[in-house]
Amino acid sequence: AVMFTCGGRTLQFFGERAFDATTFVRIFDGTPLVGMYAGGEIGPPLLADAPPSKAFQVGGAEMHGFTAIFGMFIVPERQPRASQLAFADANAVAAAYASLRLRASLVPPPRQPQPSRGAFLPSSVSELR
């Protein structure tokens with residue numbers, strides 16, 4: 001997770017050092033967290049006492065002050081997929097690689113942009129004067 005917390009939310013504000021980070025770690029135990037203090041935070045609309053169904057918001061970002069904004073990255077578990085070469089010998093791997101190289105060579109290179117008609121492209125500095 002990443003957290004941006006207002007620079008005003010300090011020991012003097014809460015009476016406790018790193019209150020926001022400490023609270024995050026207590027609630028989301030084991031979740032990695034990185035963050036920094038900020039002078040204004042950008043995040044979704046504030047929803048005090050919002051139900052859990054509003055926890056995941058998209059869009060509608062606003063500028064906030066004296067807040068702590070955090071985002072969590074949810075990465076689905078990777079699912080193994082079948083590979084034709086998982087148990088292949090060296091010859092099968094070499095043949096598959098050669099096949100891929102052949103297919104890649106059949107793809108034409110991207111076209112170079114052509115100057116539009118009437119465009120002036122100087123060939124020397126003296127032409128610019």
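Does Asp20 count as buried or exposed, and at what relative accessibility? At 10% relative accessibility Asp20 counts as buried, where buried means under 20% relative accessible area, exposed means over 50%, and partly exposed lies in between, computed with a 1.4 Å probe on protein chains only.

Before I go on, a word on the source. This is a predicted model, in which local features need pLDDT of at least 70 and side-chain atom pairs count only at pLDDT 80 or more, while totals for chains, interfaces and linings use all residues. Residues are numbered from 1 along each chain as its sequence is written, and side-chain values use heavy atoms, with hydrogens and water left out.

Let me stay with Asp20, which is found in helix H2; helices here are DSSP runs of H or I with at least four residues, strands are runs of E with at least two, and both are numbered from the N terminus. Not counting residues up to four places away in sequence, Asp20 touches Met3, Thr5, Arg9, Phe14 and Ala68, with contact meaning heavy atoms within 4.5 Å. The buried residues of H2 are Asp20, Thr23 and Phe24. Seen down the axis of H2, these buried residues fall within an arc of 100 degrees, so they line one face of the helix; the arc is that of the directions from the helix axis to the C-beta atoms. The partners against which the buried residues of H2 pack are S1, H1 and S5.

That brings us to the sheet. It is an open sheet of 3 strands in the order S2-S1-S5, with mixed pairing, and two strands are taken to pair if DSSP finds at least two bridges between them. Strand S2 (34-38) and strand S5 (68-71) are the edge strands, each pairing on one side only. On average, and with direction ignored, neighbouring strands of this sheet are turned by 15 degrees against each other; axes are lines fitted to C-alpha atoms, for helices over the stretch in contact, and angles run from 0 to 180 degrees between N-to-C directions. Helix H2 (residues 19-27) packs on the sheet, where it touches S1 and S5, and its direction makes about 145 degrees with that of S1.

Looking at the pairing itself, strand S1 (residues 2-6) and S5 run antiparallel and are joined by 4 bridges. Phe4 has Ile69 as its bridge partner in S5, and Val2 stands opposite Gly71 in S5.

Next, the aromatic residues. A search of the whole structure finds 6 aromatic pairs, where rings of Phe, Tyr and Trp (its six-membered ring) pair if their centres lie within 6.5 Å, and planes under 30 degrees apart count as stacked, over 60 as edge-to-face and the rest as tilted. One of these pairs is Phe24 with Phe28, a tilted pair at 4.9 Å centre to centre with 40 degrees between the planes. Phe24 is buried, with a relative accessible area of 3%, whereas Phe28 counts as partly exposed at 28% relative accessibility. Separately, Phe13, Phe14, Phe19 and Phe66 form one aromatic cluster.

Phe66 leads me to the backbone. Most residues other than glycine have a negative phi. Phe66, however, has a positive phi near 55 degrees, and its place is in the loop between strand S4 (62-64) and S5. Ala18 also has a positive phi, of about 50 degrees, although it is not a glycine; Ala18 sits in the loop between helix H1 (11-14) and H2, and at 36% relative accessibility it counts as partly exposed.

Finally, two further places to look at. Gly43, in strand S3 (residues 41-43), counts as buried at 5% relative accessibility. Leaving aside neighbours within four places in sequence, Gly43 is in contact with Gly60, Ala61, Glu62, His64 and Ile69, and from Gly43 to His64 there are 21 residues in sequence but 7.3 Å in space, C-alpha to C-alpha. Helix H3 (residues 90-105), by contrast, is hardly covered, and the count of buried residues among its 16 residues is 0.
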